[in-house]
Amino acid sequence: MGRWCLVVILAIATASTACPAHADEAPPAPEQVTALSPELRQAFRAAVIDRSTSPNARLDLMMAFLFDRRTGLGMQYDHAATYTVEQAFRSRKANCLTFTVLTLALAREAGLEAYAQQIDDVLSWRQENLHLVRTDHVNAGVRIQQRRYTIDVASDEILMLAPPRAMSDDALLARYYSNRAMELAIDGRPLDAAPYMAMSLALDPTSASGLNNAGVLALRHGDHSAAERHFQAALERNAAHGGALANLAQFYERQGDSARARPLQQRRDRVLRRDPFHQFITGAQAESSGDLAAAVQRYRRAIRLHPGEHRFHSALARALLQQGDTRGAIRALTVARDLAERDGMTPYQAKLDLLTKRLGD
C-alpha cells in the first residue's frame with residue numbers, strides 16, 4: 001500500500017484485476033450495489049437462515065458463511081476490490097468498503113439489526129516493507145438486544161485513535177461511488193470517473209473526504225474553478241482535513257499565489273504536529289532511510305501523543321536496537337508487550353526474551 005498525497009479514500013486504488021467497470025458502463029444504481037443475487041440468497045438461506053431463528057446463532061453462522069472457504073464464501077481482503085455485492089460474491093474479494101456493504105446486506109437478510117460504521121482517520125499497517133497508509137475506514141455493526149458487535153475484515157491491519165461511529169446507508173454508498181471514481185481516475189479514466197463522483201456527491205454532499213476527492217477529479221479534468229470550490233467546501237466541513245489543506249495549498253502554490261498558499265500550509269503543519277499517525281509515518285520513513293536519530297525522535301513524539309498504541313512502542317524498540325541501545329529497546333518492547341496483552345495479543349514476548357538473554361550474555 002502507499003499513501004496518496006492528493007486523495008483520501010477508503011482503500012488504496014490500483015487498476016482492478018477482477019470485475020472491473022468497463023469504459024461504456026454507467027455506474028450501478030444504489031440498489032444494484034447492495035443487491036443479493038438469487039444464487040447468493042439461496043446459499044445464504046441454506047447456510048444461515050434455515051439453520052436457526054436465534055439472532056446470536058445467525059450472527060455466528062453468518063460469520064462462518066463469510067469467512068469459511070469450505071462451507072461459505074471464504075472472503076479475502078483486497079484493498080483494490082471496490083465491488084458491488086454481486087461482484088464480491090463472484091470474486092470472493094472485498095476491501096473494507098465492499099465487505100461492509102456485503103455484511104449489511106446479508107445481516108439484514110437474516111433479520112439482524114445492522115448498520116455501517118466509520119472511523120474517520122486510521123493508519124493501515126502492513127508488516128512487509130513497513131508499508132503504512134492513511135485512509136478513512138468503514139466496518140459493520142450489529143446490535144442484538146443490548147449488545148453491539150463490530151465486524152471488520154481488516155481489523156488486524158489498522159490503527160485507530162477513536163472508536164467507530166454509526167453512519168447512514170447513503171453515506172456508505174457515497175463512499176463506494178467516490179472510491180470507484182478515484183480508482184478510475186488513477187487508472188487514467190477521469191471521464192468515466194465523473195458520473196461516479198456525481199453519484200457520490202448526490203448521496204452525501206457534506207463529506208469532507210468526498211469533496212476533497214471531487215476536487216482531485218476536477219483537477220484531472222482541468223476544471224480549476226470546480227477544484228478550488230470543492231477543496232474549500234471540504235475545509236468548511238472539516239477545517240483540519242489534511243488532504244484538503246494540502247491540495248488547496250498546492251493549488252494556490254501552482255498558480256503562484258503564495259499569499260493564499262502559506263496560511264494553508266501553516267495550518268496543515270499545525271495539524272500534523274498534533275497527529276500521532278503522521279509522527280509514526282515520518283519515523284518509519286526516517287528509519288527506512290537510515291536516519292535512526294530522527295526515527296527515534298518521531299516515534300517518541302507519536303508515543304507522547306498516543307501512548308496506548310503498542311506498535312508505536314515496538315517501532316521505538318526496533319530503532320533503539322539498531323542504534324545499539326539494547327536496554328532502551330527492552331524497556332520500549334516491555335511496554336509494547338504489556339499494551340498488546342491488554343488487548344489479548346502476545347506478539348512480543350519471544351523477542352523480549354531474546355533481547356534480555358542477549359543483554360545477560
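Hi everyone, let's start with helix 13 (residues 292-305) and helix 14 (residues 310-322), whose axes come within 9 Å and cross at roughly 155 degrees. This is a predicted model, where local features need pLDDT of at least 70, side-chain atom pairs count only at pLDDT 80 or more, and totals for chains, interfaces and linings use all residues. Residues are numbered from 1 along each chain as its sequence is written, and side-chain values use heavy atoms, with hydrogens and water left out.

A word on terms: helices are DSSP runs of H or I with at least four residues, numbered from the N terminus. Axes are lines fitted to C-alpha atoms over the stretch in contact, and angles run from 0 to 180 degrees between N-to-C directions.

Helix 13 and helix 14 are therefore roughly antiparallel, a label for angles over 145 degrees. Their crossing is left-handed, that is, the near helix is turned anticlockwise from the far one by less than a right angle. Who touches whom? In helix 13, residues including Leu292, Tyr299 and Ile303 meet a helix 14 set with Phe312, Leu316 and Leu320 among them; contact means heavy atoms within 4.5 Å. The contact residues divide into eleven nonpolar, two polar and two charged, with Ala, Val, Leu, Ile, Met, Phe, Trp, Tyr, Cys and Pro as nonpolar, Asp, Glu, Lys and Arg as charged, and the others, Gly among them, as polar.

Now to helix 7 (residues 190-203) and helix 8 (residues 208-221): they pack at about 155 degrees, axes 10 Å apart. This crossing is left-handed.

Terms used: Helices (H or I, at least four residues) and strands (E, at least two) are DSSP runs, numbered from the N terminus. Angles under 35 degrees count as roughly parallel, over 145 as roughly antiparallel, 65 to 115 as roughly perpendicular and the rest as oblique.
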